[in-house]
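Thanks, everyone; I would like to walk you through the aromatic contacts in one model, with the cut-offs stated as we go.

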Amino acid sequence: SDQGEFLERGIPSVLLWHFPDPFYNTSLDRTDKVSQEELANVASSALGLVHHFAHAGRERAEEVLDIIMAAARKRLSIEANNAADFLQVPAVHDNPSQREAVLDRERHILLGWSRWYRQAVLSIESFDPGLPAADREALQVRIDGALKELREIEREVLEGLQPSEG
């Protein structure tokens with residue numbers, strides 16, 4: 001969509017959209033297919049986003065950090081459970097080459113999510129460039145703690161994927 005073209009040229013932009021949209025870029029992509037409820041949700045999200053950034057500061061940055069970390073814990077837990085379930089499927093569990101392929105895929109997925117959340121946490125450093133030094137330092141301590149927690153979760157989840165002995 002168009003935001004990619006803007007981003008490639010260094011122009012800040014964002015895509016606010018409900019997905020999946022079964023009609024997007026199809027012959028049925030017409031205004032009568034637009035969900036008023038979803039359009040209201042997107043508009044509310046956009047207004048909330050503008051309001052949130054219009055009132056930037058340490059408190060807001062910490063709120064965003066808390067939201068990111070809650071989502072990270074939940075997502076990494078879900079992915080760890082999914083991986084464990086896949087590895088117990090008899091066709092995978094009982095076949096060493098299948099098991100190794102699934103392990104590689106699941107590690108890749110978990111590392112991808114972990115990297116995404118680390119980048120999201122690091123983006124908070126630029127949340128409000130006008131923060132006073134003391135607030136910036138306090139926020140950096142929180143960010144560092146969040147990154148440490150993410151690395152620990154990643155380590156625990158990856159260790160949990162290791163084949164059990166015996």
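Helices here are DSSP runs of H or I with at least four residues, strands are runs of E with at least two, and both are numbered from the N terminus. The model is a predicted one, in which local features need pLDDT of at least 70, side-chain atom pairs count only at pLDDT 80 or more, and totals for chains, interfaces and linings use all residues. Residues are numbered from 1 along each chain as its sequence is written, and side-chain values use heavy atoms, with hydrogens and water left out.

Let me start with helix H5, where Trp113 and Tyr117 lie four residues apart, about one turn of the helix. Rings of Phe, Tyr and Trp (its six-membered ring) pair if their centres lie within 6.5 Å, with planes under 30 degrees apart called stacked, over 60 edge-to-face, and the rest tilted. The structure holds two such pairs. Trp113 and Tyr117 are stacked, at 5.9 Å centre to centre and 25 degrees between the planes, whereas Trp116 and Tyr117 have centres 4.9 Å apart and planes at 80 degrees, so that pair is edge-to-face. Together, ring pairs link Trp113, Trp116 and Tyr117 into a cluster.

How accessible is Tyr117, buried or exposed? With buried meaning under 20% relative accessible area, exposed over 50% and partly exposed in between (1.4 Å probe, protein chains only), Tyr117 is buried at 7%, while Trp113 at 29% and Trp116 at 48% each count as partly exposed.
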